[in-house]
Amino acid sequence: MKICFVTTGDIKDIATSKRAFGMATPLIGLGWEVDILIEDTVENRKRASLECSKQVSVHYFPKNSPFGEIKEKNRLISQIKPDVVYVCAFVIRNIVKGYGAFKVVEHSELQSK
């Protein structure tokens, strides 16, 4: 099985990648292929290198407008062809197609104000 985690923003400001980082290595241990889509920032690169095993495929995308980010995430997902797309936060920037994959949308990161 192959899973692709879709995250948002920089980990120092938005914690959506924590779920992906926390689940990646255990899933690898269960025989899954793991891909993570994450914004290209210094802190995200640092945390990914610390928390992900070498078997995790981390795909960095540049900071962009919401539409540009959605377009890039969809492009990557269509190339990866995962069995599961795990959206780590219910936000506009994570509106992605499943391309036939089972889609899971995480709601626990919603901010309460």
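The model is predicted, so local features need pLDDT of at least 70 and side-chain atom pairs count only at pLDDT 80 or more, while totals for chains, interfaces and linings use all residues. Residues are numbered from 1 along each chain as its sequence is written, and side-chain values use heavy atoms, with hydrogens and water left out. Helices (H or I, at least four residues) and strands (E, at least two) are DSSP runs, numbered from the N terminus.

**How α1 and α2 meet**

- Helix α1 covers residues 16–29 and helix α2 covers residues 42–51; their axes come within 10 Å and cross at roughly 20°.
- That angle makes α1 roughly parallel to α2; angles under 35 degrees count as roughly parallel, over 145 as roughly antiparallel, 65 to 115 as roughly perpendicular and the rest as oblique.
- Here the axes are lines fitted to C-alpha atoms, for helices over the stretch in contact, and angles run from 0 to 180 degrees between N-to-C directions.
- The crossing of α1 and α2 is right-handed, meaning that the near helix is turned clockwise from the far one by less than a right angle.
- On the α1 side, K18, F21 and T25 meet N44, R47, A48 and E51 of α2, where contact means heavy atoms within 4.5 Å.
- Sorted by class, this contact of α1 with α2 has 2 nonpolar, 2 polar and 3 charged residues. Ala, Val, Leu, Ile, Met, Phe, Trp, Tyr, Cys and Pro count as nonpolar, Asp, Glu, Lys and Arg as charged, and the others, Gly among them, as polar.

**Along α1 itself**

- α1 bends by about 30° at M23, and the proline P26 follows within four residues. The bend at a residue is the angle between axes fitted to the seven residues ending there and the seven starting there.
- The buried residues of α1 are T16, S17, A20, F21, A24, L27 and I28; buried means under 20% relative accessible area, exposed over 50%, and partly exposed in between (1.4 Å probe, protein chains only).
- These buried residues pack against β1 (2–6), β2 (33–39) and α2.
- Just after α1, G31 takes a positive phi of about 95°.

**I36, a buried residue of β2**

- I36 sits in strand β2 and is buried, because its relative accessible area is 0%.
- Leaving aside neighbours within four places in sequence, I36 is in contact with F5, T7, A20, F21, A24, C52, V56, S57, V58 and H59.

- As background, most residues other than glycine have a negative phi.
- K81 is not a glycine, yet has a positive phi of about 55°. K81 is found in the loop between α3 (66–80) and β4, and counts as exposed because its relative accessibility is 62%.
- Y99, likewise a residue other than glycine, has a positive phi near 50°. Y99 lies in the loop between β4 (84–87) and β5 (102–105), and its 43% relative accessibility makes it partly exposed.

**Partners of Y99**

- Beyond neighbours within four places in sequence, Y99 is in contact with N74, I77 and S78.
- Y99 and N74 are 25 residues apart in sequence and 8.8 Å apart in space, C-alpha to C-alpha.
- S78 lies in helix α3 and counts as partly exposed, because its relative accessibility is 28%.
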